[in-house]
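Me: I am new to this structure and would like to go through it step by step. Please show it first.

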Protein chains: 2
Amino acid sequence: MAQNDTVTRILDTAEVLFAERGFAETSLRTITSKAKVNLAAVNYHFGSKKSLIQAVFARYLDPFTERFHRALDALEARHGGQAIPLEELLETLAGSVLEVPAERNSLKVFMRLLGLAYSQAQGHLRRYIQEEYGGVFTRFTALIRVATPELPDSERFWRLHFMLGSVIFTFSGLEALRDIAEKDYDEHVTVRDLVRRLRPVVVAAMQAPLPPSLNAQEA
Amino acid sequence: MAQNDTVTRILDTAEVLFAERGFAETSLRTITSKAKVNLAAVNYHFGSKKSLIQAVFARYLDPFTERFHRALDALEARHGGQAIPLEELLETLAGSVLEVPAERNSLKVFMRLLGLAYSQAQGHLRRYIQEEYGGVFTRFTALIRVATPELPDSERFWRLHFMLGSVIFTFSGLEALRDIAEKDYDEHVTVRDLVRRLRPVVVAAMQAPLPPSLNAQEA
DNA sequence: TCACGTTTCAAACAAATGTTTATAACTGGA
DNA sequence: TCCAGTTATAAACATTTGTTTGAAACGTGA
């Protein structure tokens with residue numbers, strides 16, 4: 001189909017350019033010329049640039065959330081109501097994230113997009129992602145709660161965001177960091193390498209000793 | 001002085017707007033109108049928008065690097081050539097970061113700007129920061145290296161960036177996160193609270209067990 | 001007071017942006 | 001074949017962008 005071809009070509013080109021330069025820094029003309037598509041095609045098929053951005057995310061997040069929900073279903077079934085260990089939860093999350101874009105060989109694009117979703121202004125994007133995909137995140141954190149009963153709720157809340165920051169920050173700045181790492185340590189780092197490196201760090205961080213009591217004030 | 005007043009007003013306004021919306025999303029007209037300054041003033045005093053962005057960073061990073069260097073001098077002198085414990089290095093870093101913007105009460109702006117420096121495209125910014133302030137970071141990582149001899153160089157490199165991500169992400173999204181935490185856990189979180197919570201997490205993350213060997217491939 | 005360098009200001013500039021329009025080309029079923 | 005409906009295309013549109021210009025206002029030392 002011709003329209004499908006155009007739509008797909010726009011999405012393929014847009015996601016790469018967005019990941020490389022950000023949303024505001026990527027013009028529709030850059031996208032359409034690189035995709036060999038007429039300028040008006042974006043507004044015709046997507047309506048607006050905002051909608052194009054959301055469509056780029058949906059193409060990744062829709063399959064991801066479905067896979068992740070199914071993986072969590074299986075995990076819960078396997079443990080039959082018992083608490084699921086932290087490592088397995090993290091493993092399942094990482095697995096679902098890694099699976100999705102493997103087909104298009106663009107995991108790094110996916111990660112970079114997630115980073116942009118947080119760091120770029122684009123209020124509409126955060127709202128869209130929260131409303132559309134907030135549910136699966138809520139489900140995941142509820143399971144994490146069961147897996148880490150020793151943590152006070154507020155402490156777990158903050159530590160989850162510490163780790164979320166690690167992941168998003170690292171992947172969204174991946175290109176730059178990779179260049180440095182490659183130059184200094186002479187090894188090419190793949191996203192899978194980073195996930196492997198992240199695993200023990202995240203587990204250790206979640207299980208770190210509690211900070212000194214809230215009331216103990218010192219200079 | 002009038003020119004100083006104009007320059008300062010531009011910088012004060014620009015840093016807030018940049019932090020809120022990003023660089024590309026903030027126009028010179030928005031800055032100058034909010035700062036009650038003529039549009040041409042930016043190009044007159046700074047030369048270009050790029051230079052303005054760099055100047056915004058310099059106003060934070062210049063005092064910070066100087067303070068941090070002095071603090072590291074003192075720390076090294078105190079240990080007289082002996083290895084400095086990881087905890088003390090982190091403490092010194094945290095202290096220097098917290099000190100600088102305290103005067104202008106804009107720690108969150110500082111943090112958000114640091115986050116943008118990494119996540120936004122703006123190649124010139126990364127180059128500028130690297131060339132201008134790479135030295136102090138190199139010095140710090142060299143000390144961290146001595147404090148964590150058990151870590152392979154590349155592993156330490158990545159863990160440092162994991163933790164950098166935690167800090168920048170958390171503080172740059174502090175406003176939103178604080179609201180949630182306050183609502184859900186009924187406690188007001190100060191920046192110092194977060195630093196206290198971060199300390200054991202960062203230490204545990206740096207001391208986490210090494211990931212399985214690079215060559216061990218599994219499904 | 002004068003003159004000179006600095007700073008401000010309103011206006012204009014060229015370029016780039018997202019979007020719309022009107023027309024053409026194509027498509028598949030009657 | 002012919003005709004609706006869909007898609008593609010080129011052109012134009014109104015804004016917005018960073019930057020430049022030239023003149024006015026200002027400040028300061030002679």
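Me: Leaving aside neighbours within four places in sequence, which residues is B:Thr13 in contact with?
Reply: The model is a predicted one. A contact here needs heavy atoms within 4.5 Å. With neighbours within four places in sequence set aside, the contacts of B:Thr13 are B:Ile31, B:Lys34 and B:Ala35.

Me: Is B:Thr13 buried or exposed?
Reply: A residue is called buried when its relative accessible area is under 20%. For B:Thr13 that area is 12%. B:Thr13 is therefore buried.

Me: Which helix of chain B does B:Thr13 lie in?
Reply: The helix in question covers residues 2-21 of chain B. B:Thr13 belongs to that run, which is helix α1.

Me: Turning to chain A, how many helices and how many strands does it have?
Reply: Read from the N terminus, the elements of chain A run α-α-α-α-α-α-α-α-α-α. The count for chain A is 10 helices and 0 strands.

Me: What percentage of the residues in chain A is buried?
Reply: Chain A has 219 residues, and the cut-off for buried is under 20% relative accessible area. The buried share of chain A is 50%.

Me: What part of the accessible surface of chain A belongs to carbon and sulfur atoms?
Reply: The accessible surface of chain A is about 10,600 Å². Carbon and sulfur atoms hold a share of 54%.

Me: How far apart are the centres of the positive and negative side chains in chain A?
Reply: Chain A carries 26 positive side chains and 27 negative ones.

Definitions and conventions:
Residues are numbered from 1 along each chain as its sequence is written. Chains are lettered from A and ligands numbered from 1 in the order in which they are written. This is a predicted model: local features need pLDDT of at least 70, side-chain atom pairs count only at pLDDT 80 or more; totals for chains, interfaces and linings use all residues. Side-chain values use heavy atoms; hydrogens and water are left out. Helices (H or I, at least four residues) and strands (E, at least two) are DSSP runs, numbered from the N terminus. Buried means under 20% relative accessible area, exposed over 50%, partly exposed in between (1.4 Å probe, protein chains only). Accessible areas come from the Shrake-Rupley method with a 1.4 Å probe; for residues, only the protein chains shown count as cover. Lys and Arg count as positive and Asp and Glu as negative; His and the chain ends are not counted. The place of a charge is taken as NZ of Lys, CZ of Arg, CG of Asp or CD of Glu.
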